[in-house]
Amino acid sequence: MEKAILSKSTFIKGEQCLKALYLYKNNYSLRDKMPAERVAVFNRGSRVGEIAQGLFPKGINCKIGGPRQYNKAVEKTLECIHSQEKVLYEAAFIAENTIIYLDILTFENEKWHAYEVKSSSKISETYILDAALQYYIIRQSGLEIADFQLIYIDENYVRGEQLEVEKLFQIQDVTEHVQHLYGVIGDKIQQQLNALSKSIMPETPIGIHCRTPYDCDFQGYCWNGIEHIAFEIPALDFEKQWHFFEKQQAGFSESEITDDIVKRQFEHKRRKKDFIQDSLLQVFTEKKEPYIFLNLLTYCPAIPWFKETKPYQTVVYSYYWESVSSDGKILNSSMYLSDMVTDPTFFIVEKLSNELNGHKIISFVDDGILPPAFDILNIIDLKKALIDGNIIGYKLKNYSFDAFVQAFTGRNPWYKKLVVDKQAGLQYEKEFIEKSDLQAIKENISDYHNDKNKYLVKTFFNFLKTYSND
Ligand code: SF4
């Protein structure tokens, strides 16, 4: 069997940047450590794939062994095709030194039909390209397929008592698109294989492609030493940051910036000065102890957890609060973790209303938007204050909780196990569905709450001490 040099993911990497592909294959150790947030998104994708198999149940899984044993998967796929099995999962095909695994292959009305699952609610150009590669390799390996379809999440689906897989997903026929690209895919594969066969790395300069469509794993290597104020303006997305960077080199002036928050973030960075809006500072300084710090764990699951919720809708499934004296001593605390049987939103709001009884609550809602039911609580969301420009930290690089702690304490948070809300949400979802180790996830979540609240308290007091004296 021919050697697999490219795969679907390395092909997409090569299309994004040939240098990234070259580094991945030849200097893997130069890769950045993958952020926990990205690992969580990646793992969420595989869970969606498993659920989508419910659209075509009782299939045979062709993926056997690890990635290096692709020959076994290809052989198994061939056997299943010869015996005309009705449904195959992870069918493997190889041609032109490229291996692909197709999520679902079905045999109906004497024809083969290909399906690829996406854990997204939109179809992007990259998904079409990815489908075109699969279509090309399947055909080059000798199998004729009647059509190619993408399965993706219907964002308007509202869950009933049970999850209805047929309603959760939408299916779009992209056969015309992949046939249209058929002629160029072979050239693209050859271009990538050629680049890999050379002893010299392609010289690709940095650019927007470093984060589009995906964050490149080699930014630490290629961007080493590249510094520019535009890349530290949290109110700008990367594309805009890059435009500012390029334009400034061509003589663009910051005075041309029209967005008020962007303008102020630029100004405060230049002056190396933080800012807090007077009325907000007043709220903080006139607050008498106990100070209440609340950590809410939110998650936007692709597969809705509860009846009457939609895909990606924010779910608040756990909280932890501490009341703290002005010298930082914990006076009282409480934690809650939902059992995931019903949507805990109203229960949590009611419990917090009773426990915190009208107090002003300091929080940092890191992921998603709080459901409107939370409006009755007196929550001061520091993340929202950053986004709205009511707090500006001249050292703040983005709006994440860790960046907030870093900007106002000068230290990076350290966590026992879970390090980011998305990771906690995914692990909680997985453990509760599989019911494998509930005690472990409870402990992890409790530790995560404690870790985050400790940094929230520290950052807030640090912040207050510094800026209320300004
Ligand atoms: S950081 Fe940019 S230039 Fe470097 S390999 Fe990645 S995409 Fe290519």
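At what angle do helix H14 and helix H16 pack, and how far apart are their axes?

Analyst: The model is a predicted one. Two packed helices are described by the angle between their axes and by the distance between those axes. Here the angle between H14, residues 401–409, and H16, residues 438–467, is about 35°, and the axes are 9 Å apart. H14 and H16 cross in a left-handed sense.

The residues that make this contact can be named on both sides. H14 contributes Phe401, Phe404, Val405, Phe408 and Thr409. Across from them, H16 contributes Lys452, Tyr455, Lys458, Thr459, Asn462 and Phe463. Sorted by class, the contact of H14 with H16 has 6 nonpolar, 3 polar and 2 charged residues.

Now for the rest of the chain. The largest nonpolar core has 47 residues. Those with the most contacts inside this core are Ala92, Phe93, Leu102, Ala131, Ala132, Leu133 and Tyr135. Several elements each supply at least two of its residues, among them helix H3 (36–52), strand E4 (98–108) and helix H7 (175–197). Helix H5 (125–140) is also one of these elements, and H5 gives the most to the core, with 9 residues. Ala131 shows what such a residue touches: leaving aside neighbours within four places in sequence, Ala131 is in contact with Glu116, Phe148, Leu150, Val174 and Val178. A second, separate core has 43 residues, including Leu294, Leu297, Tyr299 and Leu386.

Leu352 lies in helix H12, residues 345–356. Leu352 counts as buried because it has 25 C-beta neighbours inside 10 Å, and the cut-off for buried is 20 or more. Apart from neighbours within four places in sequence, Leu352 is in contact with Tyr319 and Leu377. Tyr336 is 16 residues from Leu352 along the chain, and the C-alpha atoms of the two are separated by 9.9 Å.

The residues around the ligand include Cys17, Lys19, Thr204, His209, Phe218 and Cys222. Two elements give two or more residues to this shell, helix H2 (18–26) and helix H8 (219–222). H2 provides the largest share, 3 residues. By class, the shell has 8 nonpolar, 3 polar and 1 charged residues.

How values were computed:
Residues numbered from 1 in each chain as written. Predicted model: local features only at pLDDT ≥ 70, side-chain atom pairs only at ≥ 80, totals over all residues. Near = placed C-beta within 6 Å. Helix = DSSP H or I, 4+ residues; strand = E, 2+ residues; numbered from the N terminus. Nonpolar A, V, L, I, M, F, W, Y, C, P; charged D, E, K, R; others polar. Axes fitted to C-alpha atoms, helices over the stretch in contact; angles between N-to-C directions. Left-handed = near helix turned anticlockwise from the far one by under 90°. Contact = placed C-beta atoms within 7 Å. Core = buried A, V, L, I, M, F, W, Y, C linked by C-beta atoms within 7 Å. Buried ≥ 20, exposed ≤ 12 C-beta atoms within 10 Å, placed from the backbone.
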